[in-house]
Amino acid sequence: MSQMVQDSIANQVAEDTGLGLRRKLTQEFWFFMFRLAVVINGLALFIIVGYMVYYGLPAISWDFLTGMPTEGGLAGGILPCIMGTFYLSLGSMMLALPMGVASAIYLHEYARPGLAMRIIRLAINNLAGVPSVVFGLFGMAFFVASRDLGGLGMGVSIASGSLTLAVLILPVIIGTSEEALRSVPDTYREASLGLGATKWQTIVKVVLPAALPGVLTGSILSISRAAGETAAIMFTAAASYNPQLAESIFDEVMALPYQIYSLSVSSTDPERTLPLQYGTSLVLISLVLGMNLIAIILRSKLRKRLTK
Amino acid sequence: MLDRKKKENLIRGAFFITASISIIALGLIIYFLVSEALPTFTGFDAMGELHGGVSFFDFIFGTQWKPISEHPQWGIMPLIMGSVWVTLLSSLIAIPLGVMTAVYLAEIAPNKVREIVKPMVELLASLPSVVIGFFGLAVVAPILLDLFDVRFGVNMLNASIMLAFMAVPTITSIAEDAIHSVPDDLKEGSLALGATHFETIRRVVLPASLSGLSTAVILGMSRSIGETMVVLMVAGGAARIPTSIFDPVRPMPASIAAEMGETSFGLERHYFALFAIAMVLFIITFLFNLLADHIAHKYKQVGAATL
């Protein structure tokens, strides 16, 4: 039933019973509060982004984006941070995407409701709720720590950071991929199976291509999540000052989010570091919000196509 | 034909193993947390030097957290209280804001407005926590200092406000789904009885979606309690049990993140104690998630039967 019909019926009834005004005013008041809540959220987003743009833009120049940091990160550019963030998000995506999509395929195409499925889902939900600093400690004890201390001995490096981030974004990828699979109509599967294709052939040739845009949306969202993550890379990948580009996956790297944090704790001269922090924040949120916007637009196009 | 079947089974098995990776990952996280936390309680031997353990009770209920003093003390109650208060205060802001936004989106918003507001909430959710922390530090802290006669701009209130805006999108999106799934005939019944739209929302829609709303609130709070960068940057960092909302606090994640860099790997009590804090934090968020999962399954909204 449409909202307008609902409202007009309610209004009509309220007027007829003669008790209308007070009840109507109560409704007006609360509807105003609901709208206010939305406005507050919008303002929060607008103000945060606004501050970063207003104070960040003056700090951004070609040299800032493509230069090396100098004086312990207190001056110069942020190229190594941009590249570090790029490597980490790309690395975690390459690890998590195949595993996440395969998990989603199992859950949606193969698994039957039962104990095994319930446990897998429970694990995924809980993995999604693990605090990022706990992921950081886990990565440190498992990937970074040397062999004789019980770890894999990869050191503080792109490899350790990517692996840690991969575990962190895995639940996101599984969730969005499952949604993408759900949006593929069952008639597609039935048609393919009816033509004599096996389940595997159906998944590879019919279901996955149809779900691809949705999977793509999910991957963009998780890349942006990985790019903005700080606590998980703090002890696994990030260096506060390392003014060179990584040469191997076992190098430690600077990263945009960690740079923002480390400048704010190490700074003794806010006048000098604030513009750098605003500039770095602006670069980071442009990346993250940009990717999210692309994902949102992709998804809404997709929904329109599906409802047609 | 038999071969084809065999191949299908193999593929199915391969997918099952991949899907189990989430269980394995969660298992590994638990294993490493526990094994690195245990020496805190059992004592350990580092380079021939013996260190005694702290009892679990003293660790949780001790009121002094002094890891690097000459006579170190390992009570994490101030950190737990820091987390609890920051989470409660931020929930006071985030729950009404999140639920009201959800009601607006699900019940009132015209389609065109919804198409703008929903992405807006998602963008708010996607802001990196370190940027929100930096905003709290560089913008909100000076404002708090100006507005109130307080000593620290980075304090419990600042952290709670910043955390609230990180929890709102979580609460909104889950609550909106819950409100959406209230069947139309319930609403129509209420309207037909002469209730206004708001009365219907309050007396029918919200009660009918209560289980989904609880899930939303629990997951929102779980997100706040585990959020690290914001409390690391704007909570103030004092490991004392707070007495006012303007007190600086040191919630558990902040303690872990701030101090881990100062310890040496696997050799110091401090290192193990930080893992023990992480274990406590993990247990808390784990319980929150189990609770949310339980509510979602047990009180599944199935049509009018929920009322």
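Some conventions before the details. Residues are numbered from 1 along each chain as its sequence is written, and chains are lettered from A and ligands numbered from 1 in the order in which they are written. As the model is predicted, local features need pLDDT of at least 70 and side-chain atom pairs count only at pLDDT 80 or more, while totals for chains, interfaces and linings use all residues.

I'll start with the interface. In chain B, 75 residues are in contact with 78 residues of chain A; contact here is C-beta atoms, placed from the backbone, within 7 Å. On the chain B side, helix α2 (residues 21–42) supplies the largest share, ten residues. Helices are DSSP runs of H or I, at least four residues, numbered from the N terminus. By class, that side of chain B has 51 nonpolar, 15 polar and nine charged residues. Nonpolar covers Ala, Val, Leu, Ile, Met, Phe, Trp, Tyr, Cys and Pro; charged covers Asp, Glu, Lys and Arg; the others, Gly among them, are polar.

Next, one residue. Phe198(B) sits in helix α9 (residues 197–208) of chain B. Is Phe198(B) buried or exposed? Phe198(B) is buried, because there are 22 C-beta neighbours inside 10 Å; the cut-offs are 20 or more for buried, 12 or fewer for exposed, and partly exposed in between. Beyond neighbours within four places in sequence, Phe198(B) is in contact with Thr26(A), Gln27(A), Trp30(A) and Phe31(A). Its C-alpha atom is 9.8 Å from that of Ile108(B), 90 residues apart along the chain.

Ile108(B) brings us to helix packing. Helix α4 (residues 77–108) of chain B packs against helix α7 (residues 156–180) of chain B at about 35°, with the axes 6 Å apart. Axes are lines fitted to C-alpha atoms over the stretch in contact, with angles from 0 to 180 degrees between N-to-C directions. The contact between α4(B) and α7(B) comprises 22 nonpolar, six polar and two charged residues.

Last, the core. Which residues touch the most other members of the largest nonpolar core? They are Ile277(B) and Ala278(B), in a core of 190 residues. A nonpolar core is a set of buried Ala, Val, Leu, Ile, Met, Phe, Trp, Tyr and Cys residues joined through C-beta atoms within 7 Å. Helix α7(B) gives the most to this core, 16 residues. Leaving aside neighbours within four places in sequence, Ala278(B) is in contact with Val133(A), Val134(A), Leu137(A), Leu33(B) and Ile256(B).

Technical notes
Helices (H or I, at least four residues) and strands (E, at least two) are DSSP runs, numbered from the N terminus. Two residues are in contact if their C-beta atoms, placed from the backbone, lie within 7 Å.
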